[in-house]
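Here's a walk through one model, sheet by sheet and helix by helix. Have the coordinates open and follow along.

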Amino acid sequence: MTIELIMDWPASGKTTACLQKIRQIKSANPLAAVQVLVPDSLQLHAFQKRIAYPSGSLGTKVNTFSQFARWILEKDLSGKIIIPLSLNRQIVRESIHRVQAAGKLLYYSDVWNSAGFSKVITEAFSVLEKNRISPDQLKAAVQSQQEIEISLVYQEYQKILSERGWISPAGMINAAAAIMEEKPNQLAHIALLIIDGFDNFDQDQLQFIRIFKRITEKICITLPGSLKSEEKDQLINRRFLRSLEMIQEVLNPQISSGTAESSIYLPDMLRHIIENIFKQRPEIRTDQTFSAAKSLFLLEAGTQEDEVREVLRQMKSWIIREEIPISACAIFAPQLDAYTPALRRISEEMEIPLNFGRKESLIESPVVKTLFSLLRLHLEGLKTNNLMNCLRFPYISSGLTQEQVTWLDTITRQLNITGGSDQWEEAWNILQKKDEKYRTKDEDGDPFPQFRNIPDNAELLLLKNGLQNFLDEITPPKEEQAVVLWIAWLKDVCEKIQLQSHIQQEEESDYFALTACFEELMMEDRMFSRNKINYASFLEALTEIITAAERSAPPQLSTNAIFTGEITWARGIRFTAVAYLGFAESIFPATIAEDVILEQALQDHLRIPVSADADQSGLLIQVLSRADEKLLISRPCITEAGDEWEESLYWNAIKQVVPENLIRRIRSSILRPLSEAASEDEKEFWAVLQGDETLFADDSDNQDSTGRVHQVSDEDDSTVDLPEEFRSQRIFSSSQLETCLGCPFRYYVSHILSLEPLKKPTLEMDPQQLGSMLHRILQLTFEKTKDLSDRKIVLEQLEKACSRTFPTAPMNYQFRPSGLWIFLQNQIKNQLNQTIEKLSEISEGWLMEAAETRFGMNGLPYLHVDVDGEPLRFRGIIDRIDRNQNGNLRIIDYKIGGSHFSANDFYSGRRVQLFLYALAAADALKIGRIEEGFYWAILSAKASTLRLSSFMNPQEMDQTTTFRTLIMEKIENFYHTLKIAQFPARPIDGKCPSYCSAAAWCMHFRREDRP
């Protein structure tokens, strides 16, 4: 029997040589048994695909080491059981507990009972088992106290496995090798054993191969790397030579020369990189004479999201324009989890299907995620966001209607319910005691949007009981109990929420896998009893099992999607076009922390090989050889904080040996032709962002038959169908007028579609509630005090108004006070004292005529304005009207802030409320001549510089042509916008208020800098 080792650089034909050997044997004897072992399921599918074409390899079996070892163990009748990962972790925890109970854990005395400690211990034991390290060997090698304690736990761990006849997942290959050594005749004779795709081996794998000598005529092993004297010392070859030493020590193979063709089957530029990277004296290319521009692409993008977008755009271009099959494309990334959200989101936008090439954990199933969100509610203190999500999940029947859930969500936002049953109880008390007379309203007299649908007390009671019933159904028992009782409780919860009945047909496998996990946990408990445990421990144990379980079979490489995976998965599989993300500092190569359990000195003493993660230079050479035609390598240039992101060592090494003009640096802000847009959304965004029709000349969608480009108009899609009676029957307000003048599209969204953004929970009151309360206090203050010059009486009335308002404010204005409420009351009172002082200073000679004066409501006349023979009606509430000794009037409109309003605010249409109210006082209420008016900032105690008197002729007062002409111009503009029913997004000065209802999606949205 001979063992042949084929060693050459990646992409030099090693696998092809193996396939030829298989076909040679099969041509002589079609029934000859051939066994192929590969590192993982991805390479397994790739090898199976290659061996199927051309035919003639029927009967060749392809497995991983673990699959083959499991088959041997299951065939043997020794009675040993291969335990699942979850039970293995439980044994590790039990081993730790036993050593701690014996008083032998000193170094780890503070962490021995943590989940993190048991996790790293489990991983360390897996490394020891794979490298055939016995407890005695580890005991002889340890020196420090921490190593001694690890050795004691490992000894206890192996003792438990041995006593119960169990085999750990990491010990399967060793156990299978032992059976083969004891019973060499148990397996049929194998004509050829191929071990392909590995760049390093664990000791259990090498011993497994060694035992195969007895039943195998020939063994062929492939290994990347080079034995040429001029290449031996290269950094990228170091890892492979270490693997060669281990192979030679255990197997003593015959190293074949020339079996592979020793020429790299790659485009010229890619071959050039592999042959020269990390050489002391590399050959540096300075031109692109050998089709470099068609095979190698180096891309520098902005952020990681920009990087993903550009890579997917390039991939889509190759697939569509160069007709590369989508299944022949792949994207790899180090730290894939960091890129996955952007990959999923942007690929969906661009309509590029991605095939994330490994099995997903069952914990990622939407069904399971839903259930665990529900199960964690009480452990996390009934957090409001999580609770609302659970009530809306399509897999859960809560007993509440969607309208009731919406009410609950409104209540949480209004009363700042962050979580906990106490906050809910307090909220119910506030809502059921509210006084409708003082319900929070806007300056036009309407309830604020979030309060318009608050139900009455009867409905509130139904809401309260419905929510409580739902929470009672999912509340876990407080006492500790056996696992079997916890599973029974959980199954009962699943029935109450009707989980199974809401599952789609394609998700049934996830549900059955979930119930299988329930049974597995009970089986484990019978095999290794946990006694009684609390709810948190039960959920932790169940999470471990579900995390280890898999959703479905791994996707095949031939599926109609771009294969996407971790960069370490790229070894041994090939594609026509490959893209690699993340060649930036700290991403690839990544910073590798030293093992906290098995320190490097101990690993060296035990001769444990260096892991692939710790030696990434060997991975780099394999990464560079995965593309048959096109290779794209990208890196982000900007961190999330906006700082420059340095290029990685590997990026710099590649850059040193290729032409400089191969590197493309792309920023999201650069102007680009629409033909490069990879989605309709992106195309539309670019068109609006650039706004220059000359840039779109190559875009056929925007051209007519003459080739002329159509300019995109803001008004093309803004015309709506309004009924004729809309203007005559609608009652308008000053805020509607200002909104439409400020931005017609915002008016359309807020007042025609009636769409409002959801209110975010805030501490204490939001500005709307605070403004309403301040208005109420000032109204009560001035009800019996019309003379502002008598400050003592005014301040006494203010004290009474505050004492009357503050105690019932949480109920009347519907907010849940925090511990700062008492301090906020004092702060408000002090600010109101100051505002009254300052208002008194400018009120000499003025007496209050009326406060909270309404027009157009409560039976009072509307303000009628005729425009083109058609009447418009307005309503509102004038905060304060004063009268002087001459009988003339002063209009004051309270604002929380904004004392710096200027004349330009009126001319632009930003602030016209004061003028509309003056017109209403004169024409609708007919209470006298208007002499003055201004906005008053309550909290800063200042009058605005915008004053009515500056727009009026003192001799004519309210009859002045100037004043009426100006406000009528604004009303006419409003009327004509409604008449033509066009509502383009045209904010004043191109800036928008942050609270605009369309802020989340309007492409014109630009936050206003001013308050």
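This is a predicted model: local features need pLDDT of at least 70, side-chain atom pairs count only at pLDDT 80 or more; totals for chains, interfaces and linings use all residues.

**The six-stranded sheet**

Let's start with the sheet that holds β1. It is an open sheet of 6 strands, ordered β3-β2-β6-β7-β1-β8, and the pairing is parallel. At the edges sit β3 (61-64) and β8 (254-256), each of which pairs on one side only. From one strand to the next, the twist averages 25°.

Zoom in on β6 (residues 190-195) and β7 (residues 216-224): these two pair in the parallel sense over 5 bridges. If you want a landmark there, find L192, whose bridge partner in β7 is K218.

Helix α10 (residues 238-251) lies across β1 (2-8), β7 and β8. Relative to β7, α10 runs at about 160°.

**A helix pair: α1 and α2**

Two packed helices are described by the angle between their axes and the distance between the axes. For α1 (residues 14-28) and α2 (residues 41-51), the angle is about 55° and the axes are 11 Å apart. The crossing of α1 past α2 is right-handed. On the α1 side, the contact is made by T15, T16, L19, I22 and R23, while α2 brings F47, R50 and I51.

**The seven-stranded sheet**

The other sheet is also open, with 7 strands in the order β11-β12-β10-β13-β14-β9-β15 and parallel pairing. Its edge strands are β11 (354-356) and β15, each pairing on one side only. Here the twist averages 20° from one strand to the next.

| Strand pair | Bridges | Facing residues |
|---|---|---|
| β10 (residues 329-333) and β13 | 4 bridges | F332 and Y580 |
| β13 and β14 | 5 bridges | F575 and A627 |
| β9 and β15 | 3 bridges | E300 and R665 |

How many residues of β13 are buried? The count is 6 of the 6 in this strand (residues 575-580), so β13 is largely enclosed by the rest of the structure. In the sheet order, β13 sits between β10 and β14.

Helix α13 (residues 304-321) lies across β9, β10, β11, β12 (562-566), β13, β14 and β15. Its direction is at about 160° to β14.

**Helix α25 and its buried face**

Which residues of α25 (residues 649-656) are buried? They are Y650, W651, A653 and I654. Seen down the axis of α25, these buried residues fall within an arc of 160°, so they line one face of the helix. There's a simple rule in the background: an α-helix has 3.6 residues a turn, so residues three or four places apart point the same way.

Terms used: Residues are numbered from 1 along each chain as its sequence is written. Side-chain values use heavy atoms; hydrogens and water are left out. Buried means under 20% relative accessible area, exposed over 50%, partly exposed in between (1.4 Å probe, protein chains only). The arc is that of the directions from the helix axis to the C-beta atoms. Two strands pair if DSSP finds at least two bridges between them. Axes are lines fitted to C-alpha atoms, for helices over the stretch in contact, and angles run from 0 to 180 degrees between N-to-C directions. Contact means heavy atoms within 4.5 Å. A crossing is left-handed if the near helix is turned anticlockwise from the far one by less than a right angle, and right-handed if clockwise.
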